[in-house]
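Open your viewer and get ready to click along.

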Amino acid sequence: MLYRIAICDDDREFGADLEQSITQILCERKVEFSIRHYGSGEELLQALNDEEPAPQMIFLDVLMDGLNGVDTAKQIRRKDGQVSVVFITSTDQYVFSGYEVHALQYLLKPVDVGKLAQILEYDLKRRFDRNYFTFEIRQTTYQVPYDEILYAESELKATRLITRNETYRLPLQISDLEARLPARQFCRCHRCFIVNVGRIAEINAKGILLHQ
């Protein structure tokens with residue numbers, strides 16, 4: 001899956017250097033990614049409002065003309081609780097502001113490449129770890145632990161994914177979903193159903209009973 005990154009900084013030279021460092025780190029790890037640049041908080045928010053593909057990671061400068069990074073992050077968080085935010089600045093006086101918007105990390109300029117690599121590796125593992133099923137609905141990325149999935153049911157040109165707490169309507173054919181789930185844990189018991197074998201409580205002539 002494509003790892004989408006946004007860099008929001010009014011210093012173009014710094015943004016280019018940061019992109020180069022990110023590119024080197026992710027290419028070494030053979031991660032497919034895209035990077036977009038924004039010169040202000042207003043520009044970034046406008047792009048998100050225009051329903052461009054939402055980034056999964058935002059590197060956000062705190063000290064920008066106009067809307068600063070902290071206030072930009074607050075507006076982002078009102079709509080998106082999934083995106084990872086990393087604050088970047090030349091001073092640490094705003095470090096506690098990161099807690100308000102659940103910032104993933106806080107990097108000081110010039111950025112330490114080793115620390116940048118740790119942040120990217122942590123976020124990639126968190127998002128794409130094999131213990132989670134990662135999918136997108138309307139440009140929003142979701143992660144559901146495999147163990148919490150009960151079953152999936154074909155529904156016209158989509159598939160309903162039923163978990164312990166939520167139901168999602170995936171824009172996938174059930175055969176496509178089957179190919180993305182680990183075969184050792186999920187079984188296509190019917191042309192319209194996939195079940196989590198770890199959730200099977202009973203199999204009888206009438207069907208399969210699952211437990212939560």
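**Stop one: a threonine in a helix**

Select Thr72, which is found in helix H3. Before you click further, note that this is a predicted model, in which local features need pLDDT of at least 70, side-chain atom pairs count only at pLDDT 80 or more, and totals for chains, interfaces and linings use all residues. Residues are numbered from 1 along each chain as its sequence is written, and side-chain values use heavy atoms, with hydrogens and water left out.

Is Thr72 buried or exposed? Thr72 counts as buried because its relative accessibility is 0% (buried means under 20% relative accessible area, exposed over 50%, partly exposed in between, with a 1.4 Å probe and protein chains only). Now show what surrounds Thr72: setting aside neighbours within four places in sequence, Thr72 is in contact with Gly41, Leu44, Leu45, Leu60, Met64 and Leu67 (contact means heavy atoms within 4.5 Å). A polar atom of the Thr72 side chain also lies 2.8 Å from the backbone oxygen of Asn68.

**Stop two: the rest of H3**

Stay with Asn68, which caps the N-terminal end of H3.

**Stop three: an arginine in a strand**

Jump to Arg4, in strand E1 (residues 3-8). Arg4 counts as buried because its relative accessibility is 10%. Which side chain makes a polar contact with that of Arg4? Show Glu136, whose side chain makes this contact at 3.0 Å (a polar contact is a pair of N or O atoms within 3.5 Å; within protein, one must be able to donate a hydrogen and the other to accept it, and residues adjacent in sequence count only if both atoms are side-chain atoms). Beyond four places in sequence, the contacts of Arg4 include Ser34, Pro53, Met57 and Thr141.

**Last stop: zoom out**

Switch to cartoon view for the 6 helices and 14 strands (DSSP runs numbered from the N terminus: helices are H or I, at least four residues; strands are E, at least two). Buried residues make up 42% of the 212 residues in the protein.
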